[in-house]
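Here is a short briefing on how two protein chains meet. Take a look at the structure, then read on.

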Amino acid sequence: MLSPKATPYFLHCCLLTALPLLAARAEPVDFSKEILPLLSDNCFGCHGPDASNRKAGLQLDKQAQAIVKLKSGNHAIVPGESGASSILERLQSTDSDELMPPPDSGKTVSPEEIARIKRWIDEGAEWGGHWAFEAPKQPVVPKTPSSWNQANQIDAFIHESLHSAQLTPEREADKETLIRRVTLDLTGLPPTVEEIDAFLADDSGQAYEHVVDRLLRSKKYGEHMARHWLDAARYADTHGLHLDNERTIWPYRDWVIDAFNNNQPFDEFTVEQLAGDLLPEPSLEQRVATGFNRCNVTTSEGGSIDEEYYVRYAVDRVETTSTVWMGLTSGCAACHDHKFDPISQKEFYQLFSYFYSLTEKAMDGNVNLPPPSIKVPTATQAAEKSALDQELKDVRNKVTAIYKSIDYKDARAGETLGELASKDTVWFDDALPKGAKRDGNEGIDSWKSVNHAGRKAFVRTASESLSQHFFTGAKEPLEISQGDKLYTYVFLDPNNRPKTIQLQFNDGSWEHRAYWGADRGHGNGRNNASNLKMGRVPKTGEWIRLEVAADAIGLKPGAKVNGLAFTQFGGTAYWDKAGIVTIAPLPEDQLASFALWQQYRAKTKVPTLPKEIQKILDTKHDERKDGQTSKLTEYYLKHINPKTKPAFDDTLKREGKLKSSLETLNKAIPATLVMEERKEPRQAHILERGEYTLKRDKVESRVPEWIAPPVEGAPKNRLGLAQWLVAPNHPLTARVTVNRYWQQLFGTGLVKTAGDFGVQGEHPSHPELLDWLALEFIESGWNVKGFFKMLAMSSTYRQSSRVTPEKLEIDPENRLLARGPRFRLDAEIIRDQALAVSGLLVEKTGGSSVKPYQPAGLWKPVAFGGSNTQAFVQDKGDKLYRRSMYTFWKRTSPPPAMTTFDAPDRETCQVSRARTNTPLQALVLMNDVQFIEAARKFAERVMKEGGQTADERIAFAYRAILSRRPTDNERATVRSLLQEHLKDFKAHPEEAKKFLAAGESPRDEQLEVTEHAAWSMITHLVFNLSETVTKG
Amino acid sequence: MNPLREAQLVETRRHFFGRAAGGIGTAALASLLNPNLFGATAPSTEELGAQDLERYKKFAPKAKRVIYLFMSGAPSQLDMWDYKPQLEPWFDKDLPDSVRNGQRITTMTSGQTRFPIAPSTFKFNRHGKNGTWVSELLPHTAKIVDDIALLKSVNTEAINHDPAITYIQTGSQLPGRPSAGAWVSYGLGSMNANLPAFVVLHSTVNGGFGGQALYARLWGAGFLSTKHQGVSLRSNGDPVLYLSNPDGMSESMRRRMLDELAKLNHQRYQDVGDPEIQARIAQYEMAYRMQTSVPELTDISGEPDSVLESYGSDVKTPGTFAANCLLARRLAERGVRFTQVFIRQWDQHGNLPNDIRRQCGIIDQPCAALVNDLKQRGMLDDTLVIWGGEFGRTVYCQGKLTQDTYGRDHHPRCYTKWMAGGGIKPGISYGETDDFSYNVTKDPLHIHDLNATILHCLGVDHERLTYRHQGRDFRLTDVHGHVVDKILA
């Protein structure tokens, strides 16, 4: 019903090439479209809004300034009198000193452009504003006398320009093409065969509309839309700078998905992301939304200066916010007044001020959740938590009750504790502790056991350089308490005395050394816990006990020693047993005295005591505060006193269990980065040249009023800024947003420079349509789904995308839309599509990011040694098959299969992607295990669901991924290739097995190997078709 | 080349240019013959923001290609190049305030109560015709001083690694701009149809990686087309990502699959007329050719022993700096425009004497061998070799100073790099620093100047090689940079 009437081509090249500006010249010159870009591009660098770099006092961005008498006595422009306007002389001068723009600028103005300027001056040199800074005006929807099918007003605008370009739209694409196009565009996934069949079977006039509505209801819609938004939000899973450690902000990502799926109006979507925290009593979701401006890259590089980074973060937020909502390249104004757009440096820092007063720290600390962050429990988690909290409260009450029921009196209160016995525990003798892994200069052979001077010992004769035998990994480590001493025995050969001997202990680190003799370089001259000087080399010819205090070599109470290294420089040494000297435990009768226990603990500190209790113990009796003594008593009776303790045991155990359940739960509750305003605002200044050290005038938060007036009654904070952005009279926000949506479906925006609506940006291809869409969007209550539906319903969108040589020549980029959109799919869609048709896709929405296949050895060569994203550990199972938007994004080494297909690095805001065509992309599709595995699984489906004959199966494969049946030619080609592959694999079944081993998903072993392999080659071929990676 | 493979390549060409039944269309033919599909010869107009094609090529190029040996972490100029014998009596004395003059320093040492001077413990000797002072750490490089230009006054503003290395590589301390190699790829394209224009090599240190981080942005394309980003040539796994056919797929099967793929794509092209399909057919052919050309490139078994020996024994261990230097030469021979070899672990805040000895032991011989190797092949004249890091190191000690050991903090105000070959005057020393190697006293050379000069050697006017992004014409040197004529040959 929507097919346009065929119109014959009667196009003449000469007419068409002249099309853009030179058509009929009856209309006066349009300043905004035809003059301002010229002046901006060629003159504003020295004669524009930036006062500090202005030359010769000439300012061309404002009429009042451009027509004044210059110092030279000339007038650059005299309205109506091109002959008196010196600008024309300068533009055409043959004297290279006079010529403008100066030859060394590399800029030139063509004769046609000069003629245009002349005509404009003669027409009165009317200045106007830049189109994008003027509020959109409701255009008259054109009534082109055309019999072309128009589904909605979009088509009226498009057809009008086609008509004047003497182009004819294409007829509506066939249903199969259409359902694939719209399904990919609205969900990022291809339609299933069932969905295609249902659409083909639906003869009603609303068949297509029903498909669109169904897609807009799908949860996949939100994921797909969110992915585009996350490019703009520079969302990623690592901090981005220096260590590039992991950060958790994926609950924000999930918030975006939900916002699209719930069709949150774009104005609310805006306000919550920019200022959700400042709304009255913000909900958890509204605070999560503010993650938008916590997605920026941050650092914690040692040596960095805080002040510099506070400035950088705020600058990034201004730039991102300006680009995303206003299409303004405000960044230029960080250093000087904008050269092209009227945004001044002062205005930049007024915007900057909105983002300069957050509670975040300049250094992210390389932690997962640099504050401020909030916990984001699911409903189940919240319920579970409150149940546990209640139970814990009950148990604690019970403990209190037991405590109250005890009547304790210390019978030995006045006594003094006698000398404490010490206890010598041998850690190992002859045989090493369990689990010890032996090693040394000669590996395991470094350990030579002999009998010497009455003992069994390990002997070692060393060269002059470092020589050692050691072990690590003892399963029962020595746990260090206060006052412990470590010892070992050594016998030094009197005829071959070592220069240095050293003991070194491992508690996870080897930085605990004690040496006797010369310092041989371990510590580079340091004499501290990592390299403690003990004195001279001990006496030779007899067994010596080497003893070192644990705390002197940095082994704190609680440390667990699992390894020991015997080191010597030169000489021969016999090494024997090692052990620890600790203080013996207090006998039970004394332990039953509160007073004696306190005295005991004063001498022997143990790491196991709670800090609070230790602190009380450390405080002298008469200096203890109210409640401290009773707290200590309570602790003593509950945990220490052998007589009272049993009454508490069960209840305390229960308390411990509850606490650990709560802890586990709390750990499982995700958190996310959010925005939060400082109580005391940080004063913003104009920064000369953008240098954080060059503070100039103070500025306050304020919107650039020349764009739109501030919203009455709006607060002077981010909330006010957000409200201003979505005020109906704001000229940019709606235009910029609808343009990005348009770009998403049509490949290019109506304004091609989607990130720049300023004077240097491209003029819209259809200015009236852009305004109409923007106003329609606002009018609809910023209804995003409604907007996408409108685009998808237009007959412009539904045209066939076939490319005729004529149209290709006239309009290679398809800006006029005389044909439907056709372009390469985004990286994520290419992978998701393969997962979907192969049946591997795991359709779960949201959650923490996943690490699917990635070639080995990509992170190590670039990551900082101490980074927690240095080693890539691939996930298993379902996590290999999630949609690509959930792939863990390490900014300094992003997933290569994504970036190869032009996914941005996510370090900075990006509102449009490149679309390249490179051999590296071919290699991904040819060889990435993800695609080989998908081909194997897709082949299983083809064999099981595709029918019995080869032809049926080929048709199924085509329909599953291309939504259409193969042509006879295609079928014949594929069939003969299948036969060849079958022959190959039959001759080499072992190769077939190898080919089928790609990926971690199980193979259906029912399928015959060679046949399965041959079909996998066919599905592999289909994945590589140009059509597969193209939306057509 | 594997003889089977060679035969297949010939067959491929025949298939496309001769035999192809039904013909593949002149457009495809043209694109197949165009050797520049990888990274266009010049900015292609379809790239949003690409600027006038020829106006930046202002000078006759001296260099056709660049090999950039990047010492990540910042090597100490004081211990390698910038000889300061007068510092000896200053041992453990404080750096005079008049020298530091309130300049900002990193927060790693800004809290130190003292800034004790640590003279280098290394001996320097005169080398070459001009008697250039070179540290004992660099016995091999000392032998090529007559071939290199020593730049002692390089300076930057950044004081920490991430911003500093981003700055020297992209012209901005903040992420988002294209890297130098990407600019060169964009401006000059590739000279080899089968290899990328910009290749990156990562070097191991003692068999592992570690040290200051590197970032994809350092060889990224920023806002330029992603096809200009550096391609890492890896020593483990596939040298180029996804290069090898999957297990079980023979070369002949791959060839047959690609032939049928081209046929099907071509049929589709005839139906829908989209020229992108033609381009994609060509990309697949190039991918196939890369599958051969890359292994051939990394196979050094044909190199004569004398050459291998000159690079040192590490050369046979893939991934070492020595192996990467040799690969860099092989890439240069094959027309790769810009090869950047990274080696890390120069960030010596403590234990500098030991660590720098290790690092110099790794790089010294291969650096010299590379320059000599290029020279012997007559390639040094049109290959620009650059050596150095992102900033320098302080004369004052970080941490405890002893007679034997010391550490040095980051120092942006002066440091040393060297350049050699294509367009650079050999055997000179440029720029001077004060007695403390703290401030430049003559001929400062900012990193923008360095980048401007690199582009100049390639025949490119750094002020004119621009790309319009978000309304502004961006360039590698931002709004700065002057070509340093005095170091040009």
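About 7200 Å² is buried between chain B and chain A in this predicted model. Carbon and sulfur atoms give 57% of that area. Three residues, Y242(B), R280(B) and Q470(B), supply 11% of the area that chain B buries against chain A.

**Extent of the interface**

- On the chain B side, 81 residues are in contact with chain A.
- On the chain A side, 92 residues are in contact with chain B.
- The size of an interface is often given as the accessible area lost when the parts come together.

**Polar links across the interface**

- Between chain B and chain A, 39 residue pairs are in polar contact, counting pairs with both residues at pLDDT 80 or more.
- Four elements of chain B each supply at least two residues of the side that touches chain A: helix 6 (161-170), helix 8 (251-272), helix 9 (275-298) and strand 17 (472-474).
- Helix 8 of chain B gives the largest share of that side, with 13 residues.
- By class, the side of chain B that touches chain A has 34 nonpolar, 26 polar and 21 charged residues.

**Salt bridges**

- How many salt bridges cross the interface of chain B and chain A? The rule finds eight.
- One salt bridge joins the side chains of R822(A) and D274(B), at 3.7 Å from N to O.

**A closer look at R464(B)**

- Where does R464(B) sit in chain B? Its place is the loop between helix 13 (447-457) and strand 16 (467-469).
- Is R464(B) buried or exposed? R464(B) counts as buried because its relative accessibility is 15%, and the cut-off for buried is under 20%.
- The side chain of R464(B) reaches across to chain A, where the backbone oxygen of P103(A) is at 3.3 Å.

**Chain B as a whole**

- Chain B has 489 residues, and buried residues make up 66% of them.
- Its secondary structure comprises 13 helices and 17 strands.
- Take the contacts in chain B between residues at least 6 apart in sequence: 78% of them join residues at least 24 apart.
- Chain B exposes about 16700 Å².

Definitions and conventions: Residues numbered from 1 in each chain as written. Chains lettered and ligands numbered in written order. Predicted model: local features only at pLDDT ≥ 70, side-chain atom pairs only at ≥ 80, totals over all residues. Heavy atoms only, no water. Contact = heavy atoms within 4.5 Å. Buried area = accessible area lost by both parts, 1.4 Å probe. Salt bridge = Lys/Arg side-chain N within 4 Å of Asp/Glu carboxyl O. Polar contact = N/O pair within 3.5 Å; in protein donor to acceptor, adjacent residues only side chain to side chain. Nonpolar A, V, L, I, M, F, W, Y, C, P; charged D, E, K, R; others polar. Buried < 20%, exposed > 50% of the residue type's maximum accessible area, 1.4 Å probe, protein only. Areas by Shrake-Rupley, 256 points an atom, 1.4 Å probe, with all protein chains shown as cover.
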